[in-house]
Amino acid sequence: MLKIVASRTKSGMFLSACLAVISSGIAAEKPNVLLICVDDLKPLLGCYGNKVIKTPNIDSLAARSVIFENAYCNQAVCAPSRNALMTGLRPDTIGIYDLETNFREAVPNAVTIPQAFMKAGYKTSALGKIMHVGHGNKEDAASWSTPHWSPKAPPYALAANIKIHRQLKGTERGPATESADVPDDFYGDGKTTLETIKRLREYGKFPNQPFFLAFGLTRPHLPFVAPKRYWDLYKRADINLAEFRKAPENAPPFAGQEGGELRRYHHMPAKGALPDDLQRELIHGYYAATSYADSQIGLVLKALDDLDLTKHTIIILWGDHGWHLGDHGFWCKHTNFEQATHIPFLIALPGNRTGEGKRTRAFVETVDLYPTLCELAEIPAPPELDGQSLANILRNPELSNKTHAFHVYPRSTKLGRAIRTSGYRFVEWKVPGAPRESAVLELYDMKNDPLETRNIAANDLATIKVMQEILAHYPEAKPQVKVNHRKVKSAR
């Protein structure tokens with residue numbers, strides 16, 4: 001049973017939570033935490049209103065969660081988004097916007113969420129993709145009681161795709177999609193799922209030892225590889241293409257992107273619009289990979305139920321950012337637009353049963369999870385966190401802590417700092433530290449133009465003034481931390 005009791009904080013808001021988990025008449029002092037991180041998962045889910053995607057397990061979790069309908073990442077790319085999750089600090093606070101730079105290069109003494117829980121007596125473990133590993137970046141050993149676990153699995157199952165991947169290694173990536181008649185645990189996510197279930201069984205033997213378990217899935221990240229049975233859930237002919245497939249009118253050219261991540265895969269056009277049949281194949285692949293990830297989540301949640309751990313465990317499902325599926329002519333993430341920044345975010349409290357799910361329209365950001373978990377578990381949170389606890393919203397989903405979400409994306413020397421309110425998205429593009437007058441601006445009317453088809457910054461100066469006043473409350477962004485990656489890599 002989770003009991004949230006209000007008390008006054010220095011901000012004057014009633015936010016604090018007291019957690020009591022009761023099992024068989026024995027009170028457990030601390031709740032467990034299961035953090036489910038899914039790579040490139042946009043809120044294209046049944047619980048978010050989509051009628052095509054098949055995600056029964058996430059939908060079942062949503063039915064006993066608070067569903068945050070206005071959740072946004074702090075930057076639409078893996079490493080900075082995951083840094084924000086784990087440190088509770090936005091990318092512009094840390095000064096890291098790229099994939100290569102480890103967050104400890106900028107904030108070496110940062111205390112991550114699992115570190116805070118370790119100090120409170122928790123056993124902390126990470127399996128699969130949690131922090132961004134690759135491009136010279138690495139996991140954070142200081143965050144985990146046991147070494148981070150990664151699956152060892154081939155990227156492809158089909159002989160033809162394996163051959164292509166080997167031939168192209170070092171020049172471009174393999175095929176962007178694969179449908180193979182293989183079991184779920186052939187691929188890495190299936191192996192991560194089995195290891196996660198194994199860890200839960202081990203934890204179940206020690207009910208007085210609280211755990212913080214981070215379970216990371218790589219799908220639906222490219223390449224869209226998934227067992228054939230998930231592809232068979234969808235008919236290619238029934239897949240609709242994006243409604244609006246042009247760059248927004250009057251938008252600065254650097255606001256968009258060319259889909260460079262996708263174009264590195266085999267047989268992808270180097271530039272220009274993708275043929276319609278290829279777009280349908282890619283969307284089909286994204287759907288299949290999403291359903292594959294959903295199935296793995298279901299297996300872990302079932303294990304949690306079977307081991308009688310659910311009633312003692314806070315469960316979070318979080319997508320690190322969204323994904324463009326041809327809207328605006330864009331693919332992948334890497335923008336400040338809605339499809340790249342809007343994320344799925346669910347929190348299920350111990351004792352919540354199916355059918356008790358609630359929705360909230362409150363604006364939240366990735367950085368808000370850290371103070372929320374600390375408050376729920378009664379663990380001290382570092383004072384410098386950028387986020388705000390959501391405990392009051394979990395108690396009453398009608399409440400709201402802020403009027404907007406904040407996110408960023410870099411382009412060359414400029415940084416786009418964005419404010420997303422219920423009515424608008426505003427973006428200020430300028431070099432960090434440069435005067436406001438030098439900025440290039442974007443403004444989209446999200447109520448009357450939800451597809452972001454037209455930048456109206458030049459036509460609505462009154463709204464621009466309001467948005468600039470909101471942005472003025474945020475500290476100036478830090479420039480990208482400069483690190484000699486060759487030197488760092490050779491020292492590892």
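How many bridges pair β4 with β13, and in which sense do the two strands pair? They pair in the parallel sense, over six bridges.

## Ground rules

This is a predicted model, so to speak: local features need pLDDT of at least 70, side-chain atom pairs count only at pLDDT 80 or more, and totals for chains, interfaces and linings use all residues. Residues are numbered from 1 along each chain as its sequence is written, and side-chain values use heavy atoms, with hydrogens and water left out.

## The sheet

Start with the strands (DSSP runs of E, at least two residues; helices are runs of H or I, at least four residues, and both are numbered from the N terminus). Seven of them make an open sheet with mixed pairing, in the order β5-β7-β3-β9-β12-β4-β13. Here two strands pair if DSSP finds at least two bridges between them. The edges belong to β5 (123-128) and β13, each with a single partner strand, so one side of each has no neighbour in the sheet. From one strand to the next, the twist averages 15°.

Strand β4 (residues 66-72) is mostly covered, with seven of its seven residues buried. Buried means under 20% relative accessible area, exposed means over 50%, and partly exposed is in between (1.4 Å probe, protein chains only). On the β13 side, Asn-70 stands opposite Phe-363. With strand β12 (residues 345-348), β4 pairs in the antiparallel sense over two bridges, and Val-66 has Ile-347 as its bridge partner there. β12 also pairs with strand β9 (residues 313-319), antiparallel and over four bridges; in that pairing Ile-315 stands opposite Ala-348.

## Helices across the sheet

Two helices lie across several of these strands. Helix α9 (residues 276-306) lies across β3 (32-38), β7 (211-217) and β9, running at about 170° to β3. α11 lies across β3, β7, β9, β12 and β13, at about 175° to β9. For these angles, axes are lines fitted to C-alpha atoms, for helices over the stretch in contact, and the values run from 0 to 180 degrees between N-to-C directions.

## What's packed inside

In soluble globular proteins, nonpolar side chains tend to be buried together. A nonpolar core here is a set of buried Ala, Val, Leu, Ile, Met, Phe, Trp, Tyr and Cys residues joined through side-chain atoms within 4.5 Å. The largest one has 48 residues, and those touching the most other members are Phe-68, Phe-117, Phe-212, Ile-316, Phe-345, Ile-347 and Leu-373. Helix α11 (residues 369-377) gives the most to this core, with six residues. A second, separate core has 32 residues, including Trp-231, Leu-262, Tyr-265 and Ala-288.

Have a look at Phe-212. Leaving aside neighbours within four places in sequence, Phe-212 has contacts that include Val-33, Leu-35, Phe-117, Trp-144 and Leu-373. Contact means heavy atoms within 4.5 Å.

## Salt bridges

The count comes to 23 salt bridges, each a side-chain nitrogen of Lys or Arg within 4 Å of a carboxyl oxygen of Asp or Glu. Glu-365 and Arg-90 make one, with the closest N and O atoms 2.9 Å apart. This pair links distant parts of the chain, 275 residues apart: Glu-365 is in strand β13 (residues 358-365), and Arg-90 is in the loop between α2 (78-87) and α3 (91-94). Both Glu-365 and Arg-90 are buried.

Asp-184 and Arg-229 meet in another salt bridge (3.0 Å, N to O). Asp-184 counts as buried at 13% relative accessibility, whereas Arg-229, at 48%, counts as partly exposed.

## Aromatic pairs

There are 16 aromatic pairs in the structure. Rings of Phe, Tyr and Trp (its six-membered ring) pair if their centres lie within 6.5 Å; planes under 30 degrees apart count as stacked, over 60 as edge-to-face and the rest as tilted. Phe-337 and Tyr-444 are edge-to-face, 5.6 Å centre to centre with 65° between the planes. Phe-337 lies in the loop between β11 (331-332) and α10 (338-341) and Tyr-444 in strand β17 (residues 440-445), so the pair ties together parts 107 residues apart in sequence. Phe-337 is buried at 2% relative accessibility, and Tyr-444 is buried at 0%.

Phe-406 and Tyr-474, by contrast, are stacked: 4.3 Å centre to centre, 15° between the planes. Elsewhere, ring pairs link Phe-186, Tyr-187, Tyr-230 and Tyr-292 into a cluster.
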